[in-house]
Amino acid sequence: MKTSADLVRDYLSAVERETSALPADRRQELLADLAEHVEVTRAERPDAAIGEVLAELGDPRTIAATALAEAGSGAGAAAGVPARGDAGAPARRGKVHPLVPLLMLTLSVPFIMVFPYLPGPLFGLLFRITGAVLLCTSVHWTAVQKTTGVLLTVVLPTVLFTTWNLANGNTSSAAPTLVSTLANLAVLVPIAGTAAWLWRVRRA
């Protein structure tokens, strides 16, 4: 009896065979998108049968025809196959432009710097949380890239901000303002650098 892993592997192999006319990089990108969609769906719906998950993706031949049509080969255009964004579940997950979560993560710090008093920090935190959620649910990055992005843009800055506030909570003078600004800028640098890296390694 075939396991869930066997069924997924057979499905992806079928898609790979049907898309043999695609350029190798585009074919691998498509397979990675499908595999990630299966992984995310099974994590969100652990009780769903693997056959149901694969059925939601669609028939390998239909997916291949759509991909070939998008590549300009015309193989799927004659059959009237709809664009992948209309038929494939992974495309529905990719509706949010990859720049949106990166901007929300990066701008959370400048927002706190411009509005240092409540509710500024609260909105900055909400920006960061929303950006992290959009990053984690996006199809434009792998699981490892998402984990790295969240660690460097959310977890690390939050730890640094918390440590700074606890260490300087009782200081009251004009001098710490400059120090606080420099500390915020120091946190902003790795966030912006991570966002730039995520933008470079994103999948189309």
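Trainee: Which residues of α4 are buried?

Mentor: Start with the cut-offs: buried means under 20% relative accessible area, exposed means over 50%, and partly exposed is in between (1.4 Å probe, protein chains only). In α4, Pro60, Ile63, Ala64, Ala65, Thr66, Ala67 and Leu68 are buried. This is a predicted model: local features need pLDDT of at least 70, side-chain atom pairs count only at pLDDT 80 or more, and totals for chains, interfaces and linings use all residues. Residues are numbered from 1 along each chain as its sequence is written, and side-chain values use heavy atoms, with hydrogens and water left out.

Trainee: What caps the N-terminal end of α4?

Mentor: Look for a polar contact, a pair of N or O atoms within 3.5 Å, one able to donate a hydrogen and the other to accept it. Here Asp59 is the cap. One of its side-chain oxygens lies 2.9 Å from the backbone nitrogen of Arg61.

Trainee: What does Ile63 touch?

Mentor: Contact means heavy atoms within 4.5 Å. Set aside residues up to four places away in sequence, and Ile63 touches Tyr11, Val15, Leu30, Leu34, Leu57 and Gly58.

Trainee: Which residues of the largest nonpolar core touch the most other members?

Mentor: A nonpolar core is a set of buried Ala, Val, Leu, Ile, Met, Phe, Trp, Tyr and Cys residues joined through side-chain atoms within 4.5 Å. The largest one here has 17 residues. Tyr11, Val15, Leu30, Leu34, Val38, Leu57 and Ile63 touch the most other members. At least two residues of this core come from each of α1, α2, α3 and α4. A second, separate core has 9 residues, including Leu102, Leu105, Leu135 and Val154.

Trainee: How many helices and strands does the protein chain have?

Mentor: Helices are DSSP runs of H or I, at least four residues long, while strands are runs of E, at least two, numbered from the N terminus. This chain has 10 helices and 0 strands. Of its 204 residues, 34% are buried. Now take contacts between residues at least 6 apart in sequence: 64% of them join residues at least 24 apart.

Trainee: Why do the buried residues of α1 line one face of the helix?

Mentor: An α-helix has 3.6 residues a turn, so residues three or four places apart point the same way. In α1, Val8, Tyr11, Leu12, Ala14 and Val15 are buried. Down the axis of α1, these residues fall within an arc of 155° (taken from the directions to the C-beta atoms), so they line one face. They pack against α2 (24–44), α3 (50–57) and α4 (60–70).

Trainee: Take Leu12. What is in contact with Leu12 beyond its neighbours within four places in sequence?

Mentor: Leu31, Leu34 and Ala35 are. Leu12 sits in α1. Its relative accessible area is 18%, so Leu12 is buried. Leu31 is 19 residues from Leu12 in sequence, yet their C-alpha atoms are 6.5 Å apart.
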